[in-house]
Amino acid sequence: MSDTRRVTVEVRRLNTHYGTRQILKDVSLDVREGEIMVIMGGSGSGKSTLLNHLLGLLRPTSGTVKVLGKDINTASALDVQELRTRMGVAFQSGALFSSMSVGDNIALPLREHTRLDAMTIGIMTRLKLEVVSLAGFEDLMPSELSGGMIKRAALARAIVMDPKLLFCDEPSAGLDPVVASSIDDLILRLRDAMGMSIVVVTHDLDSAFKIADRICVLDQGDVLALDTVAAIRNSPNERIQNLLNRRTEEAEVDPDAYLRRLLGERARQDGEDDSQQRHLP
């Protein structure tokens, strides 16, 4: 039976280059309303680049990215600004302003993007702190929080505008297993309580398997698989199994390409030496 839920994120044939190097290769995916989509892959697979596209921070070489029904690359600046008020982002490091209290960090989006009075902003801030189990911590500074508390405060700020779409970048990175598991539980509660779509970028397999409705596996810019947790676990794809079981892959060496790289480095060095010789007195 087909899934009739509204699509909140639609990526079609997305290609991205950094200079001559291709990072994403014909990436396509959908995120549905009320779904947790986990994007995972090894280092250099293109996870962060894809997330930056979803946030409208990068323009692709080709392809389209639609967020909440709008093409984020062709929308006007005003439309993009409005769109971002309906999106929340929890950054990997937390990205809290060190000079502001926890409460002021969380209240900032409300002060910047709404005309609510101070009392209402205070109530909404404390409400979101309650949601992430940080009630009573609004007067502390970020430096006074533990790593797990910083992650929770970042989530509180990300949801303070009641977004339709939440992006989380490595939400459990750097945390001990117990605290990481509590962050996973919080993400699940947020989805269930607020009905939002959540996109999580992570390399933590335990976290991915616990929270995901579907998983998109990236490898060297390609989508290897986009499926349920059970299907990913049982995938016959050797590269996926290598990732899941943390097996290293032997890199195939092209002798000709290897030789060209060596000669290129030598040629550049020779050119630099010749240039220095010409400039000697």
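Guide: Helices are DSSP runs of H or I with at least four residues and strands are runs of E with at least two, numbered from the N terminus. The model is predicted, so local features need pLDDT of at least 70 and side-chain atom pairs pLDDT 80 or more, while totals for chains, interfaces and linings use all residues. Residues are numbered from 1 along each chain as its sequence is written, and side-chain values use heavy atoms, without hydrogens and water.

Visitor: Which element supplies the largest share of the lining of the largest cavity?

Guide: A cavity is a set of points on a 1 Å grid over the protein atoms alone where a 1.4 Å probe fits but cannot get out, and lining residues have an atom within 4 Å of a point. The structure holds one cavity of 30 Å³ or more, and the lining of the largest cavity includes Phe91, Lys151, Asp169 and Pro171. The largest share of that lining, three residues, comes from α5.

Visitor: How much space lies in the largest cavity?

Guide: A volume is the space filled by probe spheres set on grid points, joined across faces, edges and corners. For the largest cavity, this space is about 60 Å³.

Visitor: Which element gives the largest share of the lining of the second largest pocket?

Guide: A pocket is an open set of points with protein on both sides within 12 Å along at least five of seven lines. The second largest pocket has a volume of about 540 Å³, and of its 18 lining residues the closest to its centre are Arg84, Met87, Val89, Pro109 and His113. While α2 (77–84), β6 (87–90), α3 (102–113) and α5 (147–159) each supply at least two lining residues, the largest share, four residues, comes from α3.
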